[in-house]
Each structure stands twice: as structure tokens, then as C-alpha cells.
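Here's a quick briefing to read alongside the model. Have the sequence and the 3D view open as you go.

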Amino acid sequence: MTRDPRDDAELLALVRRYVTPERRYLKLGGSLLRMQSPEYDRFTRDLCEDAGLITPAEITTLLEGGWRERRTAAWLVAVSRRTEFRERLGELLLASEVCCVGLAYGVALASFGTARDADLLAAYLDRYLRRPDLGYDQTVVMGALQFIDLNLGAGRADRFREPDGLWQQWLHDAPHMQGDSDPTPFFLSLVRRLCAFVDECAEAP
């Protein structure tokens with residue numbers, strides 16, 4: 001069950017502390033790549049600071065909230081390199097209970113970049129590429145998986161992308177994708193740039 005900050009004083013306090021200041025939850029994604037200084041510098045500094053301050057218990061609570069709370073929590077996990085939340089992020093990605101969070105989960109797992117992270121992304125594709133009726137986060141997750149492949153040289157995305165494989169079938173059958181070219185290069189580039197941002201935050205003094 002998703003916790004609602006309107007009915008949950010503990011969660012509401014965390015939302016006011018980490019999620020809503022300067023509408024952070026809306027900027028965590030592609031929009032942060034369009035920021036200019038000094039807004040970018042301030043945003044990065046504040047995010048890095050909060051990533052270091054938030055406790056594991058507070059992250060756990062945020063991950064029980066709605067999409068705003070979960071998106072923010074996933075980014076704080078990524079920036080602080082809290083790999084102990086890897087499995088939880090994988091579970092939430094696979095469950096797809098709320099919208100607007102898949103990119104945050106994908107970037108966090110891609111930034112961790114291990115074989116286990118690739119397995120969690122592949123599990124999502126195994127489930128949701130078989131559901132062309134669901135326009136969820138298939139494209140984002142494919143980009144994240146390919147990003148890990150580039151770093152590990154493992155080729156875990158290859159089985160999805162072979163001719164007549166699940167990826168091509170999904171592109172062909174998904175109503176919202178028909179007529180479009182393969183979006184993988186765009187989402188691979190997006191994940192790469194967002195992971196570079198995570199690295200910048202994580203390495204900041």
C-alpha cells in the first residue's frame with residue numbers, strides 16, 4: 001500500500017524536507033540536464049548535501065510513498081551510492097505500482113553498474129516486453145541495461161535485441177511505438193548523461 005503524506009505526518013515531514021523544496025522532484029530527470037548556472041550549481045550542491053544527510057530509515061519511508069517521494073528517494077540513493085537499496089529498487093521497478101519513477105530507478109541501478117543491477121533490469125524487460133499494451137518504462141530500462149553492457153562488456157541486452165526478439169516484437173506491437181524508429185540510442189544517451197551527473201554529485205567534496 002502506498003503511503004499518502006496527507007494522512008501520514010512522518011512522511012509529510014520528509015516530503016517537506018527532501019522532496020518539495022524548489023520542486024526538486026520535478027527536476028530530477030532530464031530537466032536537470034537543461035539547467036544553467038547558478039541554478040544548476042545550487043541544485044547539485046543541495047542534492048549532494050541531502051544525499052549525505054538522509055538516513056536509511058528515511059529513504060525506506062520515502063520509498064513507501066507516491067511517485068514524487070519514490071523518485072526523490074531513488075535519486076538520493078544513487079547519489080549517495082547506497083547499494084544496499086539495490087534489491088528494493090529492483091522490486092519497485094518490477095512492480096511498477098506508480099508512474100513517473102522508472103527513469104529514477106533505471107538511473108540508480110545503471111549508476112551502480114554491476115551484473116546484479118543488469119539482472120534486475122533484465123527481469124523488468126522479461127516481464128514488460130511481453131506486454132505491448134503497457135507503455136511503461138521499457139525504453140528507459142533498455143537504455144539503462146545497454147549502459148551497463150557498455151561498461152561491463154557483458155551483452156546482457158543482446159538476447160532482447162536479436163532479430164525477432166522481444167524488443168523488436170514490442171516495438172512492432174506496442175500501439176504507442178508503431179511508426180517510430182528504435183528509441184534506444186536516445187535513452188542510452190539520456191541514461192549516460194544522467195549517470196554522469198550522479199558521478200559528479202557522488203565525487204563532489
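**Loops, a helix and the core**

Glu 22 sits in the loop between helix 1 (9–19) and helix 2; helices here are DSSP runs (H or I, at least four residues), numbered from the N terminus. This is a predicted model, where local features need pLDDT of at least 70, side-chain atom pairs count only at pLDDT 80 or more, and totals for chains, interfaces and linings use all residues. Residues are numbered from 1 along each chain as its sequence is written, and side-chain values use heavy atoms, with hydrogens and water left out.

**Backbone spots to look at**

- Glu 22 has a positive phi, near 55 degrees, and is a residue other than glycine.
- With a relative accessible area of 48%, Glu 22 is partly exposed (buried is under 20% relative accessible area, exposed over 50%, partly exposed in between; 1.4 Å probe, protein chains only).
- Arg 81 also has a phi near 55 degrees, a positive value in a residue other than glycine. It lies in the loop between helix 5 and helix 6 (86–95), and Arg 81 is partly exposed at 32% relative accessible area.
- Ser 37 and Pro 38 are joined by a cis peptide bond, with omega about 5 degrees. You'll find Pro 38 in the loop between helix 2 (24–27) and helix 3 (39–53).

**Helix 5**

- Helix 5 (residues 67–79) has 13 residues and reaches 18 Å from first C-alpha to last, close to the 18 Å expected at 1.5 Å a residue (the expected span is 1.5 Å times one less than the number of residues).
- Because 12 of its 13 residues are buried, helix 5 is largely enclosed by the rest of the structure. Among the buried ones are Glu 69, Arg 70 and Arg 71.

**Helix 5 against helix 12**

- The axes of helix 5 and helix 12 come within 8 Å and cross at roughly 60 degrees (axes are lines fitted to C-alpha atoms, for helices over the stretch in contact, with angles from 0 to 180 degrees between N-to-C directions).
- Trp 75, Ala 78 and Val 79 in helix 5 meet Leu 194, Phe 197, Val 198, Cys 201 and Ala 202 in helix 12; contact means heavy atoms within 4.5 Å.

**The core**

- Which residues touch the most other members of the largest nonpolar core? Of its 72 residues, they are Trp 75 and Phe 160 (a nonpolar core is a set of buried Ala, Val, Leu, Ile, Met, Phe, Trp, Tyr and Cys residues joined through side-chain atoms within 4.5 Å).
- Helix 12 (residues 184–202) gives this core its largest share, nine residues.

How values were computed:
Helix = DSSP H or I, 4+ residues; strand = E, 2+ residues; numbered from the N terminus.
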